[in-house]
Amino acid sequence: AAQVWPFDSNLDWPKSIVSTEMDTYHRWMQIVVPGTLGGLPVVTIPAGFGNGGYPMGIQLIGARGKDAKLLTLAKAYHKLTDWPSKQPPALRVHVNKQKTT
C-alpha cells in the first residue's frame, strides 16, 4: 500500500503527491508506518492496477495480537479475488521474461 502508483526507478522518491511536497524519501511512505510502529499486525493485499498496468495494494491493520485473524482475512480475500490471474497481460509478459532470465 502506498500513496502513489509505482514510479520511475530513476527517481529517488516522488517529490510531490497531489501538490504536497515530499521533503524526504520516508515522507511518501508515512501512511504505512503507524500500524507497524504501534505493534499491530499489518498485511497488504492487492487492490487493482493503474493505467500503466502497475499494481496497487491496500493495507489492512488488525487489532493487537490478532495476527492469525488478519492473515485469515487476507487469505480469504486472496481466494475470492484470485488476483494473481488478473495481472495485466503486458505486465505478465514482463514478469515471465524476468523469471526465465
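The legends below describe an overview and close-up views of a predicted model.

**View 1. Overall arrangement of the predicted protein.** The protein contains 3 helices and 4 strands, and, read from the N terminus on, these elements follow the order β-β-α-β-β-α-α. Among contacts in the protein with a separation of 6 or more, 47% are made by residues 24 or more positions apart. The protein has 101 residues, of which 23% count as buried, and its accessible surface comes to about 7400 Å², with 60% of that surface belonging to carbon and sulfur atoms.

**View 2. The largest nonpolar core.** This core is made up of 5 residues in all, namely Val4, Trp13, Ile17, Met22 and Trp28. In soluble globular proteins, nonpolar side chains tend to be buried together.

**View 3. The surroundings of Trp13.** Trp13, one of the residues of the largest nonpolar core, is shown here with its contacts, leaving aside its neighbours within four places in sequence. On that basis Trp13 is in contact with Phe7, Met22, Asp23, Thr24, Tyr25 and Trp28; of these partners, Met22 and Trp28 also belong to the largest nonpolar core.

**View 4. Thr81 in helix H2.** Helix H2 covers residues 67-81, and Thr81 has its place in this helix. Thr81 has a relative accessible area of 18%, and because buried means under 20%, the residue counts as buried. From this position in helix H2, the side chain of Thr81 reaches the backbone oxygen of Tyr77 at 2.8 Å.

Definitions and conventions
Residues are numbered from 1 along each chain as its sequence is written. This is a predicted model: local features need pLDDT of at least 70, side-chain atom pairs count only at pLDDT 80 or more; totals for chains, interfaces and linings use all residues. Side-chain values use heavy atoms; hydrogens and water are left out. A nonpolar core is a set of buried Ala, Val, Leu, Ile, Met, Phe, Trp, Tyr and Cys residues joined through side-chain atoms within 4.5 Å. Buried means under 20% relative accessible area, exposed over 50%, partly exposed in between (1.4 Å probe, protein chains only). Contact means heavy atoms within 4.5 Å. Helices (H or I, at least four residues) and strands (E, at least two) are DSSP runs, numbered from the N terminus. A polar contact is a pair of N or O atoms within 3.5 Å; within protein, one must be able to donate a hydrogen and the other to accept it, and residues adjacent in sequence count only if both atoms are side-chain atoms. Accessible areas come from the Shrake-Rupley method with a 1.4 Å probe; for residues, only the protein chains shown count as cover.
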